[in-house]
Amino acid sequence: MSPESSTHLSRSQVLGSRIAHVRRERGITQEQLAAGSGVGLESLRKLEQGHVEQPGVFRIADIADVLDMTLEELLPARPNPVSSLGYEGHDIGSFVEGVRDVGIDLVVDVRLTPLSRKQGFSKRRLGEALGEVGVRYEHLRSLGNAKENRPLFAGADLEVGRARYRESLRTPDARAALGELASWRQEHHVALLCFEGDQQRCHRSVVLEELAQLG
């Protein structure tokens, strides 16, 4: 059955099914696709099973490249998507180029404090670099993850960290910021920005889940 024929599936399930479908059509094993795209084998398996909500757009672009497809051909159709970006492993040049190439026109920084030891990724310089390629930059501080909660996302207490962060989104400022995101996605291809390459180890995955509840 073609992945597009199951319209009741979630977007993540449709994407996962499509990746698996095209991979098999191309005669590519999971191991080969993981190695060629730089995505971990276990992460790819979860992705194909539809267990990864809003996977990082750069990772999907790398998978599409191995499958000899464009990002637009691989992603399930949806107007005004909200994507996920981690700048881990990128320099500012490759990051901005990637953002431009996948058609993102609004980057929303959800770091509590938009500073970075990586050159070019602090608020002012990042905004300038994105602006040079026609991409708007916004910072929503109220969606940042508290410093004391971040280690939980990196260790065995991930679910505790996610729960604590989700609770922090109940404040009026955070709800207003989520409302802004919901408004922006009506006219833009929005991408949420933080450092971690693995979205599941980053609070932006929770932001995306909360945003999905807004419809």
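Modeller: In this predicted model, salt bridges link E159, R162, R166, R170, R175, E209 and E210 in a network.

Biologist: What makes the contact between R166 and E209 a salt bridge?

Modeller: The side chains of R166 and E209 approach to 2.7 Å, N to O. The limit is 4 Å between a Lys or Arg nitrogen and a carboxyl oxygen of Asp or Glu, so the pair qualifies. R166 belongs to helix α9 and E209 to helix α11, 43 residues apart, and the pair links distant parts of the chain.

Biologist: Why is E210 called buried?

Modeller: Buried means under 20% relative accessible area, and E210 has 7%, so E210 is buried. Its salt-bridge partner R170, at 3.0 Å from N to O, has a relative accessible area of 42%. That value lies between 20% and 50%, and R170 is therefore partly exposed.

Biologist: How do you know that α9 is oblique to α11?

Modeller: The two helices pack at an angle of about 50 degrees, with their axes 10 Å apart. Roughly parallel requires an angle under 35 degrees and roughly perpendicular one of 65 to 115, so α9 is oblique to α11. The crossing is right-handed.

Biologist: Which residues meet where α9 and α11 are in contact?

Modeller: R162, Y165 and R166 in α9 meet S205, V206, V207, E209 and E210 in α11. Of the residues in this contact, three are nonpolar, one is polar and four are charged.

Technical notes:
Residues numbered from 1 in each chain as written. Predicted model: local features only at pLDDT ≥ 70, side-chain atom pairs only at ≥ 80, totals over all residues. Heavy atoms only, no water. Axes fitted to C-alpha atoms, helices over the stretch in contact; angles between N-to-C directions. Helix = DSSP H or I, 4+ residues; strand = E, 2+ residues; numbered from the N terminus. Parallel < 35°, antiparallel > 145°, perpendicular 65-115°, else oblique. Left-handed = near helix turned anticlockwise from the far one by under 90°. Contact = heavy atoms within 4.5 Å. Nonpolar A, V, L, I, M, F, W, Y, C, P; charged D, E, K, R; others polar. Buried < 20%, exposed > 50% of the residue type's maximum accessible area, 1.4 Å probe, protein only.
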